Amino acid sequence: MRKYSLFLLLSTASICANVGATDVDMADLIVGTWGKPIALDSEMGRISITYSADGSLNTVISMTIENHTVDEIVAVGTWSVNGDNLTFVDEDCDDKLGYYKIVSVDKNNLRLSLISDTCEGRSVEIADNWMRE
């Protein structure tokens, strides 16, 4: 019975870990590089976003062409967290704001959904599941 109670207590604590997390806690979970596969002109590649602790971000697309990997920085900007909302501003989108809901985040996975973003290219790519790199 004690083992079961301890297991139940630990399981509940784990499930509730992000409930009531502060903005700082949420931001700390997001800091780092996140990536996902991307298709460009029928070629497969990878898009990665690096969220820095100072609030800056950069987005890199990596493609392998003729056995050579090419990395290109496609956006530089800033990010911030307010509750479960993630806000983007980047030069590639003429400094327009993009708002995304943090659906879930843990040390390996980040899931974002679109709230509003007038930058079409960014809104198509950001609202998705991301894996920590």
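Predicted model: local features only at pLDDT ≥ 70, side-chain atom pairs only at ≥ 80, totals over all residues.
Me: What makes up the protein, in helices and strands?
Reply: There are 3 helices and 8 strands. Helices (H or I, at least four residues) and strands (E, at least two) are DSSP runs, numbered from the N terminus. Starting there, the order of elements is α-α-β-β-β-β-β-β-β-α-β.

Me: Why does Gly-55 count as buried?
Reply: Buried means under 20% relative accessible area, exposed over 50%, and partly exposed in between (1.4 Å probe, protein chains only). Gly-55 has 15% relative accessibility, so it counts as buried. You will find Gly-55 in the loop between E2 and strand E3 (56–65). Not counting residues up to four places away in sequence, Gly-55 touches Gly-77, Thr-78 and Trp-79, where contact means heavy atoms within 4.5 Å.

Me: And why does Arg-122 count as buried?
Reply: Its relative accessibility is 6%, which is under 20%, so Arg-122 is buried too. Arg-122 belongs to helix H3 (residues 120–126). Leaving aside neighbours within four places in sequence, its contacts include Phe-88, Leu-97 and Tyr-100.

Me: What makes Tyr-99 partly exposed?
Reply: Tyr-99 has a relative accessible area of 32%, which lies between 20% and 50%, so it is partly exposed. Tyr-99 has its place in strand E6.

Me: Which residues form a nonpolar patch on the surface?
Reply: They are Leu-97, Tyr-99 and Ile-115, with about 250 Å² of accessible area together. Patches are made of residues with over 30% relative accessible area and no salt bridge; like charges are joined within 9 Å, nonpolar side chains (Val, Leu, Ile, Met, Phe, Trp, Tyr) within 5 Å. A salt bridge is a side-chain nitrogen of Lys or Arg within 4 Å of a carboxyl oxygen of Asp or Glu. Tyr-99, at 32%, passes the area cut-off of over 30%.

Me: How many aromatic pairs are there?
Reply: The count is 3. Rings of Phe, Tyr and Trp (its six-membered ring) pair if their centres lie within 6.5 Å; planes under 30 degrees apart are stacked, over 60 edge-to-face, and the rest tilted.

Me: Why is the pair of Tyr-51 and Trp-79 called edge-to-face?
Reply: The centres are 5.2 Å apart, within 6.5 Å, and the planes make 80 degrees, over 60, so the pair is edge-to-face. This pair links distant parts of the chain, with Tyr-51 in strand E2 (residues 43–51) and Trp-79 in strand E4 (residues 68–82), 28 residues apart. Both Tyr-51 and Trp-79 are buried.

Me: What makes Phe-88 and Tyr-100 an aromatic pair?
Reply: Their centres lie 5.4 Å apart, within 6.5 Å, so they pair; at 90 degrees between the planes, over 60, the pair is edge-to-face. Phe-88 and Tyr-100 are both buried. Ring pairs link Tyr-51, Trp-79, Phe-88 and Tyr-100 into a cluster.

How values were computed: Residues numbered from 1 in each chain as written. Heavy atoms only, no water. Areas by Shrake-Rupley, 256 points an atom, 1.4 Å probe, with all protein chains shown as cover.
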